[in-house]
Every structure is written in C-alpha cells, then in structure tokens.
Amino acid sequence: MPSSAEREWVQFNRGELREAVLQDFRDGLRRLDNPDTGLPFTEDVLRRATARGGRFYREADADDQILIGIQKRDEFFAQQIRIDRAGSSFLRNYHAKLWGESFLDAFGGSGEVLAHGTPGTTWLGSTLVPDAFAVTGTDPGQRRYQVVTGGVANSIGFATLTLVAIDGGDETNPAVGTAITWTNPPPGSDPSAPVKDLDFRGGLDAETDADFASRLMARVRHKPASGNWAHLRAFARAASVSVEDAFVYPCAFLAGSVLIALTAKRGAALGPLGRVPGFNVLQAVTAMLVPPSSPLVPGRAFVVVLPVTTTSSNLVVQLAQPLGSNAGWLDATPFPRVNGTTAVAITTLTSQILFRITASSAGQLPQGVAGPLSGVRLMVWAPLTSTFESLVVQTVTDLGATVYEVQLATAPAKTLALGDWISPDMGTRGATLAAAVTEYFDSLGPGEVINLLTDERAVRAFRNPAPSEESPSRAGQSVVSFIGDAMGAAVTDATLASISVTDPPVPSDPVLGPSLLVAGKFAAYAL
C-alpha cells in the first residue's frame with residue numbers, strides 16, 4: 001500500500017518542465033550524428049540549438065505553460081474534493097448530493113413580550129406555525145411573529161407571552177423594548193407589546209458554506225448508522241440552522257434512554273447566554289427527535305432534548321504590551337495593578353459617577369501621588385454582554401490602605417454595581433480582547449451529566465462526541481493562546497493569573513442538563 005508521501009502530487013514550478021523537455025532533447029541528439037558533418041553533435045551545437053529564444057526553446061516553453069495550467073486545474077480539483085476547502089458550487093453540487101444533505105433554510109427567533117390590555121384579555125397561541133387561530137404581530141421591519149405560549153392579562157392588565165418568528169433570518173431577533181404590533185389583537189388588547197427583558201434569540205440566516213461544511217465533516221468523521229449517537233446528532237443539527245451542535249448522552253436515565261443537549265449558534269447575540277438555545281430551537285429539535293411526533297425516531301425510543309445550562313467562570317489575565325500607546329495600554333503607567341490573582345473590584349458604590357475600588361497595594365498612582373489625579377484611564381467589564389466599556393474618568397484619589405476613589409465625568413452606559421471588575425483602559429483593543437475571550441468560551445462544549453468516576457452508568461452515559469475529540473469541556477491556560485492570536489504581535493507575553501472554574505459541575509440529576517462554562521467576570525492587567 002502506498003505511503004502518504006507516495007500519494008502526494010508532485011508539484012512543478014514554472015520552467016521545470018521546460019528544462020526537462022530540453023534536457024531530453026539534448027540527450028537524444030547526443031546519440032545521433034550531425035547530418036551536416038557526419039559526426040556526433042557537439043555540445044556547442046546543442047547549446048545553440050536549445051538557447052533561449054530559439055525554436056526548440058519556445059516549443060518547450062509552450063509545453064511548460066500548458067502543463068502548468070493543467071497542474072493548476074488539478075490543484076483546484078484536489079482542493080474542491082475536500083469538504084473543508086471546497087467552494088460553494090462544489091459543496092452544493094457535489095458534496096451535498098454525495099452525502100444526501102442540503103443547505104438549511106433561515107430560521108426565526110423567539111422571545112417574550114409584555115402584552116397589556118384590560119384584565120382578563122386572552123391572547124391565543126399555537127405551537128403550529130403559522131396558525132390562523134393564533135395571535136400574530138409584526139416588528140417595525142414588517143417581519144411576522146406568532147404567539148406560541150398564550151396568556152391572560154392579570155389584575156393590572158399584563159401578560160407575558162412567548163412569540164416565535166414566522167419569517168427567518170438574523171433580523172428576527174428584535175432587541176428589548178422593540179414594539180411588536182398586533183395584526184389580529186384580541187378585544188381589550190393594546191395595539192402593540194414591547195420585547196421583555198431579553199433580546200429575541202435563535203433567528204439566523206440560511207446556512208453558510210462554512211457551517212454546512214462543518215456539519216458535513218462531523219457526519220463524515222462520525223458515521224451515522226442504525227440510530228447510534230452520531231445518527232441522533234446529525235438529525236438534531238439538521239433540524240434547524242440555529243443549532244450549533246448536539247451532544248448525546250446514551251443511557252443517561254436508564255437503559256435505552258438518550259439525552260441530547262443542544263448549543264445554539266451565537267449569531268449576533270452578546271453575552272454568556274448567546275449559545276443557549278431558545279424556545280423555537282428546542283421545539284424544532286424536539287419535533288424532529290422525540291416520539292411519538294418524530295418522523296425519524298421509532299416510537300419506542302426514550303429521547304429527551306434539553307438546552308445546556310451555564311456556569312460562569314471568572315478570569316484574570318496579565319498582558320505585556322506597549323505602554324502609553326493605542327497598540328497596548330493607553331496610560332504610560334497602567335492603573336490599577338495586581339500583585340496576585342485577585343481582580344480589582346468596586347467595593348463602595350456611592351453613585352454611578354462616584355465609587356471606590358480596592359487594589360492589591362497602596363501608592364499605585366503615577367509617581368506615587370495621592371491625588372486627586374486626572375488623566376487616568378479605566379475600563380469596566382460588563383458581564384451581561386461580555387464586553388469592556390471605557391470609563392470617562394475625572395479624577396482618581398489614593399485614600400490609603402489600598403483603597404482608591406474614582407470620580408467619573410459622566411455615567412457609563414453599563415449600570416455599575418458592587419463587585420464589578422475594573423481594568424486599565426486599552427481603548428479599542430479592549431473590544432478585541434473581549435471578543436477573544438468570548439471566542440475561547442464558544443469553543444468549549446458541555447460537561448458530563450453523571451459522575452464518570454462513581455456512577456455505574458459511566459461505561460455508557462458519557463458525552464458524545466468525547467471532549468478529547470471535539471469541543472473540550474475544561475477551561476484553562478489555553479485562553480491565553482486565543483488572546484495572543486487575536487491581539488497580535490503587540491502582546492509579547494501573557495499569563496492566566498486566575499480562573500474560578502475549570503471543570504463544569506455535574507448536575508444533581510441528568511434531567512437538569514449538562515453544564516457549559518461561559519465567561520463570567522474578566523479583567524486584564526499589565527504584566
């Protein structure tokens with residue numbers, strides 16, 4: 001059987017084939033006599049006959065160009081035959097047909113609205129989408145939504161309703177406060193209802209080439225067959241374009257049972273809940289996989305579909321990067337600093353423009369001054385969105401005993417709270433750093449639903465695919481690699497000073513679903 005090296009294609013550079021042709025031509029002439037002299041061809045004659053610009057040189061060069069073109073065509077074909085390198089046309093017209101898969105359509109988001117009307121007003125819902133009997137509405141962009149979980153107005157006229165989008169796409173994730181105008185409001189209802197508490201989520205455009213290739217490669221790597229875990233995973237991922245992945249736990253409850261935990265594609269969602277699937281995603285996968293409504297799974301199967309739960313992990317990193325520069329720390333003497341593993345947090349909050357922080361040591365302001373000192377630049381971490389926000393600092397005063405008072409010129413968009421983590425400001429690079437941390441946690445998968453060391457079900461009820469193969473569940477030092485790749489050469493060194501949770505906890509009961517580590521609080525300091 002040929003080795004990998006023997007199966008590799010020989011790559012020719014421009015001119016190599018031309019020289020090979022000319023060399024063969026010269027070797028052939030050396031075995032012949034010159035008809036003009038009756039003697040063997042001399043090396044001078046051979047040199048002049050194959051010199052640059054001559055007839056034989058031009059013919060060989062033309063052959064070289066043709067063969068290089070054929071080689072480029074073959075290289076292109078070799079790339080297209082690989083799923084992870086194929087272009088859109090080959091994915092759709094070759095790989096999709098070969099494996100019997102198709103690109104997934106756009107999917108609509110879901111969320112809650114706070115409806116108002118006279119007490120007792122009833123908004124009818126239906127899990128059949130669309131359903132003419134259910135209350136429907138539109139957003140300002142005229143995208144359609146339907147009530148799936150209805151409600152009755154309480155004594156003060158309010159009811160919380162769950163809606164799903166009838167249309168699909170990223171735009172079906174309206175933000176908090178967006179008004180949904182009713183198309184067929186019940187008697188006594190206000191004409192519209194605002195999105196409540198959280199943005200809609202789960203709405204996504206049609207499947208991209210990269211997402212389709214990822215889904216197809218997972219199917220090729222783990223062959224679906226006869227209802228094995230890979231089969232259920234493939235069914236779940238094909239139920240909706242919003243499904244990022246499905247993690248299968250055989251025998252999680254009892255022999256013959258299957259638990260499927262879902263993660264959702266983040267899309268444009270911010271924060272630690274961005275990968276937790278919404279109502280509509282769970283509903284789509286449940287309809288696909290849970291008997292008796294499932295068109296794919298036999299009625300005797302016991303299948304439970306759950307979302308992952310989240311466990312926050314707090315991180316502190318230290319970065320070596322330029323001082324007093326837009327390519328690093330904005331201040332020449334970054335404040336505050338840490339000597340250990342504990343982040344600098346707000347310990348006293350007087351107002352949204354006046355608070356105190358506790359650092360690891362006193363005298364940290366430039367030149368050890370007590371202040372009030374202006375020109376200090378800080379940023380605060382917003383856990384709900386996993387982003388940094390720069391603070392407009394007016395003065396910082398060293399009060400002694402490691403306590404510093406911060407006076408802001410204006411209140412930040414984020415509502416400050418006790419325990420918020422404060423870092424030295426790095427301007428726009430703070431967004432890059434925050435995105436790297438989010439990307440790192442998005443690369444993780446959920447943990448186990450039973451204790452694999454003590455539970456007798458451990459031989460079967462472990463997570464599939466295994467964390468050692470795809471989507472590791474543990475968090476740790478590898479976050480530094482993500483940060484280094486994102487921040488570039490400006491970061492010459494980085495270290496993970498502390499992390500609060502490295503392993504997702506095992507739930508007390510499998511029905512609670514596996515836990516997924518997500519970004520909690522985060523702070524960065526000078527190394």
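Is the crossing of helix 5 and helix 6 left-handed or right-handed? I looked it up: the crossing is left-handed (the near helix is turned anticlockwise from the far one by less than a right angle; clockwise would be right-handed).

Before going on, I noted that this is a predicted model, where local features need pLDDT of at least 70, side-chain atom pairs count only at pLDDT 80 or more, and totals for chains, interfaces and linings use all residues. Residues are numbered from 1 along each chain as its sequence is written, and side-chain values use heavy atoms, with hydrogens and water left out.

**Entry: the helix pair**

Helix 5 covers residues 88–99 and helix 6 covers residues 209–221 (helices are DSSP runs of H or I with at least four residues, strands are E runs of at least two, and both are numbered from the N terminus). I found their axes 11 Å apart, at an angle of about 30 degrees (axes are lines fitted to C-alpha atoms, for helices over the stretch in contact, and angles run from 0 to 180 degrees between N-to-C directions).

Next I checked who touches whom, with contact meaning heavy atoms within 4.5 Å. From helix 5, Ser88, Leu91, Arg92, His95, Ala96 and Trp99 meet Asp209, Phe212, Ala213, Leu216, Arg219 and Val220 of helix 6. I sorted the residues of this contact into 7 nonpolar, 2 polar and 3 charged (Ala, Val, Leu, Ile, Met, Phe, Trp, Tyr, Cys and Pro are nonpolar; Asp, Glu, Lys and Arg are charged; the others, Gly among them, are polar).

**Entry: the cavities**

How many cavities of 30 Å³ or more are there? I got 2 (on a 1 Å grid over the protein atoms alone, a cavity is a set of points where a 1.4 Å probe fits but cannot get out, and lining residues have an atom within 4 Å of a point).

Among the lining residues I spotted Phe212, Leu216 and Arg219. The lining divides into 5 nonpolar, 1 polar and 5 charged residues.

The second largest cavity has a volume of about 60 Å³.

Notes
On a 1 Å grid over the protein atoms alone, a cavity is a set of points where a 1.4 Å probe fits but cannot get out, and a pocket is an open set with protein on both sides within 12 Å along at least five of seven lines; lining residues have an atom within 4 Å of a point. Grid points are joined across faces, edges and corners, and a volume is the space filled by probe spheres set on the points.
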